[in-house]
Amino acid sequence: MFTHHRHLRHYFKGAEAYTAEDIQKSERFADQGQRTLLAIYLLADTFDDEQAFRACVREVVNRHRDFQMDPEVWSDFFTVFVEFLEFREALTDEQKVAWKQLSKVFNEECQSHLKELGIPHVYFFTNHPDLRVYFKGAENYTADDVQKSDRLAIGYLIKELMLRYFRETTFRAYVRDTMDRHVPLKIDPTLWGKFFCIFVSFLETRGAVSDDQKAAWKQLGDMFIEESQSHLRACGLPHA
């Protein structure tokens, strides 16, 4: 990318002048490469499930909002990625067609993505003020501040977990990625075990939750806890 698509360098703050050799030695780019490959794997894995795929695309876009990406970059991404794959080995015509089809739907969803996200943080801030410490710079937000905040819109995360739960391998990979993204926040590991209890309490403020629904959320939450703690342990991080 840095060698063949130099116009993309400015999205990598602090590394705009990196050489190919610098990138090969960079821990930052090694980690970013792993995250990129995971995202592409998840997109490919969910492509046959349109609802899950489109939710995955929206989350990718949401994660990049702070970078103020030129919208055309999304349409270019898989062109660049397929070029990279062809650099590694020849692709068949069938593979190229498949990537082109995925890219078309990916770009379509990127461009049409609407920011209609649920905001359970209002409930968190009001009913669990002890959690405010994990939202640096927003510890004193009011419920109204939270409602207006793009930063605190996490409805897509819950949707992703729901949609991916039925693919266990994908679900567990997504949980691990969630843990990795929260490492800098030094979250008390016991809070991961409490998250879905709090979330279900939030849902009950919006409407009745049936026993079957509660059981389903508990089942999802149990696997989430299991994988999150296992991953933290494997990474040598504090775990419950």
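**Aromatic cluster and helix crossing**

In this predicted model, ring pairs join Trp74, Phe77, Phe78, Phe81, Phe84, Trp99 and Phe106 into a cluster. The count of aromatic pairs in the structure comes to 19, and among them is the stacked pair formed by Phe77 and Phe81, whose ring centres lie 6.3 Å apart with 5° between the planes. Both residues belong to helix H4, which spans residues 71-88, and because they are four residues apart there, about one helical turn separates Phe77 from Phe81. Phe77 counts as partly exposed, at 23% relative accessibility, whereas Phe81 is buried, with a relative accessible area of 11%.

Phe77 also forms an aromatic pair with Phe106, and this pair is tilted, with 6.5 Å from centre to centre and 40° between the planes. Since Phe77 lies in helix H4 and Phe106 in helix H5 (residues 93-112), the pair ties together parts that are 29 residues apart in sequence. Phe106 is buried, its relative accessible area being 2%.

A contact between helices is found for H9 (residues 168-182) and H11 (residues 211-234), whose axes come within 9 Å and cross at roughly 55°. The two helices, H9 and H11, are therefore oblique to each other, and their crossing is right-handed. On the side of H9, the contact involves Glu168, Phe171, Arg172, Val175, Arg176, Met179 and Asp180, which meet Leu220, Met223, Phe224, Glu226, Glu227, Ser228, His231 and Leu232 in H11. By residue class, this contact of H9 with H11 comprises seven nonpolar, two polar and six charged residues.

Conventions: Residues numbered from 1 in each chain as written. Predicted model: local features only at pLDDT ≥ 70, side-chain atom pairs only at ≥ 80, totals over all residues. Heavy atoms only, no water. Axes fitted to C-alpha atoms, helices over the stretch in contact; angles between N-to-C directions. Parallel < 35°, antiparallel > 145°, perpendicular 65-115°, else oblique. Left-handed = near helix turned anticlockwise from the far one by under 90°. Contact = heavy atoms within 4.5 Å. Nonpolar A, V, L, I, M, F, W, Y, C, P; charged D, E, K, R; others polar. Phe/Tyr/Trp six-rings, centres within 6.5 Å; stacked < 30°, edge-to-face > 60°. Buried < 20%, exposed > 50% of the residue type's maximum accessible area, 1.4 Å probe, protein only.
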